[in-house]
Amino acid sequence: MDPIALLPFIVIIGAMFLMTRSAKKKQRQAAQMRDQMQPGTGIRTIGGMYAVVKEIREDTVLVEIEPGTHALFAKNAIGAVLSDEEFDRITNGPEGGEFDVDTVVPDDASSLTEGGESSEAAEGKDADEEEAKAAESSTEPEAEKAKADTAESKDRKRDEDADSK
């Protein structure tokens with residue numbers, strides 16, 4: 001058997017070995033990181049939720065999302081164990097103040113549609129659209145306006161001819 005013919009197989013087996021080795025290394029690091037968790041440690045889940053560890057069980061972790069609100073997560077769902085400084089910086093905002101949580105978000109999207117707008121908002125929107133159209137038409141050259149008018153009249157005539165047939 002020719003050793004050169006075996007070369008592609010050897011390369012593929014070597015690549016597979018290196019990939020599994022790096023995957024095992026990442027799993028080992030993740031397990032070590034989870035072993036560093038202690039009650040009171042700030043964590044980030046793989047879903048991006050920040051919480052404080054309250055209790056560590058065999059395969060699960062009880063966390064406190066906010067004072068009085070607890071959740072149970074699988075240990076594998078813990079994405080990162082954070083230092084106290086980093087956890088405080090992330091959860092308390094950039095200036096150290098609390099985030100504004102008094103904002104009211106509607107349960108449905110009706111307020112986001114035209115029918116749900118207040119009359120003042122709708123009037124302001126109409127005025128803005130008219131100003132945009134006026135600004136657009138004032139910057140458009142006269143030759144282009146004439147060309148657009150001609151194209152519109154041709155389209156109108158073609159539609160009328162099609163309707164009459």
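## Overall picture

The protein has an accessible surface of about 13400 Å², and 54% of this belongs to carbon and sulfur atoms. The model described here is predicted. The chain has 165 residues, of which 13% count as buried.

The protein contains 4 helices and 5 strands. Along the sequence these elements follow the pattern α-β-β-β-β-β-α-α-α. Among the contacts with a separation of 6 or more, 35% are between residues 24 or more positions apart.

Ile10 belongs to a nonpolar patch on the surface, together with Leu6 and Phe9. The accessible area of Leu6, Phe9 and Ile10 together is about 310 Å². Ile10 counts as exposed because its relative accessible area of 55% is over the 50% cut-off.

Arg21 has its place in helix H1. Arg21 has a relative accessibility of 55%, so this residue counts as exposed.

## Salt bridges

Side chains of opposite charge can pair when their charged atoms come close. The count for this protein is 2 salt bridges.

Lys54 is partly exposed, with a relative accessible area of 40%, whereas Glu64 is buried, with a value of 18%. Glu64 counts as buried because its 18% is under the 20% cut-off.

Another salt bridge joins Glu55 and Arg57, whose closest N and O atoms are 2.9 Å apart. Glu55 is partly exposed, with a relative accessible area of 35%. Arg57 also counts as partly exposed, at 37% relative accessibility.

## Pro67 in a loop

Pro67 is found in the loop between E3 and strand E4, the latter covering residues 69-74. With a relative accessible area of 77%, Pro67 is exposed; the cut-off for this class is over 50%.

Pro67 and Val52 are 15 residues apart along the chain, and their C-alpha atoms are separated by 9.8 Å.

Phe87 has its place in helix H2, which covers residues 84-91. Phe87 is buried because its relative accessible area of 11% is under the 20% cut-off.

Leaving aside neighbours within four places in sequence, Phe87 is in contact with Gly42, Ile43, Tyr50, Ala51, Val52 and Leu82. One of these residues, Ala51, is 36 residues from Phe87 in sequence. In space, the C-alpha atoms of Phe87 and Ala51 are 8.9 Å apart. Val52 is another of the residues in contact with Phe87, and Val52 is also the residue whose C-alpha atom is separated by 9.8 Å from that of Pro67.

Key:
Residues numbered from 1 in each chain as written. Predicted model: local features only at pLDDT ≥ 70, side-chain atom pairs only at ≥ 80, totals over all residues. Heavy atoms only, no water. Patch = residues over 30% accessible without salt bridge, like charges linked within 9 Å, V, L, I, M, F, W, Y side chains within 5 Å. Areas by Shrake-Rupley, 256 points an atom, 1.4 Å probe, with all protein chains shown as cover. Salt bridge = Lys/Arg side-chain N within 4 Å of Asp/Glu carboxyl O. Buried < 20%, exposed > 50% of the residue type's maximum accessible area, 1.4 Å probe, protein only. Helix = DSSP H or I, 4+ residues; strand = E, 2+ residues; numbered from the N terminus. Contact = heavy atoms within 4.5 Å.
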